[in-house]
Amino acid sequence: ARSSVKAIEQGLAILKDGAVMSICIYYGRNNGYDEKDAVLAFLSTLDAAAFTVIVHHFHNRGGDVAIPVSVIKQG
């Protein structure tokens, strides 16, 4: 979880205004739930004036399906 959050932080630091970072959270095994929770918790702390965070949800699929996320840097 820590390395994933760190990688996202580093990517956001170099993201240009108007650009989109795409993240796909895969979880369900071993530490997957902890990583999912840590990444989503981190993304919820991003300044809404600087970033728009969109968490997509597969409404018609069950189980531990991947969670696509888009982070848009305002500019």
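Which strands does helix 1 lie across, and at about what angle does helix 1 run to strand 1?

Modeller: Helix 1 lies across strand 1, strand 2 and strand 3, and its direction is at about 165° to that of strand 1 (axes are lines fitted to C-alpha atoms, for helices over the stretch in contact, with angles from 0 to 180 degrees between N-to-C directions; helices, H or I of at least four residues, and strands, E of at least two, are DSSP runs numbered from the N terminus). Helix 2 also packs on the sheet, where it touches strand 1, strand 2 and strand 3 and makes about 155° with the direction of strand 1; contact here means heavy atoms within 4.5 Å.

This is a predicted model, in which local features need pLDDT of at least 70 and side-chain atom pairs count only at pLDDT 80 or more, while totals for chains, interfaces and linings use all residues. Residues are numbered from 1 along each chain as its sequence is written, and side-chain values use heavy atoms, with hydrogens and water left out.

The sheet itself is open, with three strands in the order 1-3-2 and antiparallel pairing (two strands pair if DSSP finds at least two bridges between them). Strand 1 (20-25) and strand 2 (51-55) are the edge strands, each with a single partner strand, so one side of each has no neighbour in the sheet. Strand 2 is joined to strand 3 (residues 67-73) by five bridges, and Ile-54 has Ser-70 of strand 3 as its bridge partner.

Turning to the helices, the axes of helix 1 (residues 2-14) and helix 2 (residues 32-44) come within 9 Å and cross at roughly 30°, which means that helix 1 is roughly parallel to helix 2 (angles under 35 degrees count as roughly parallel). The residues making this contact include Ser-4, Ile-8 and Leu-12 of helix 1, and Glu-35, Val-39 and Phe-42 of helix 2.

Within that contact, the side chain of Ser-4 makes a polar contact with the side chain of Glu-35 at 2.2 Å (a pair of N or O atoms within 3.5 Å, one able to donate a hydrogen and the other to accept it; residues adjacent in sequence count only if both atoms are side-chain atoms). Leaving aside neighbours within four places in sequence, Ser-4 is in contact with Glu-35 and Val-39.

Conventions
Parallel < 35°, antiparallel > 145°, perpendicular 65-115°, else oblique.
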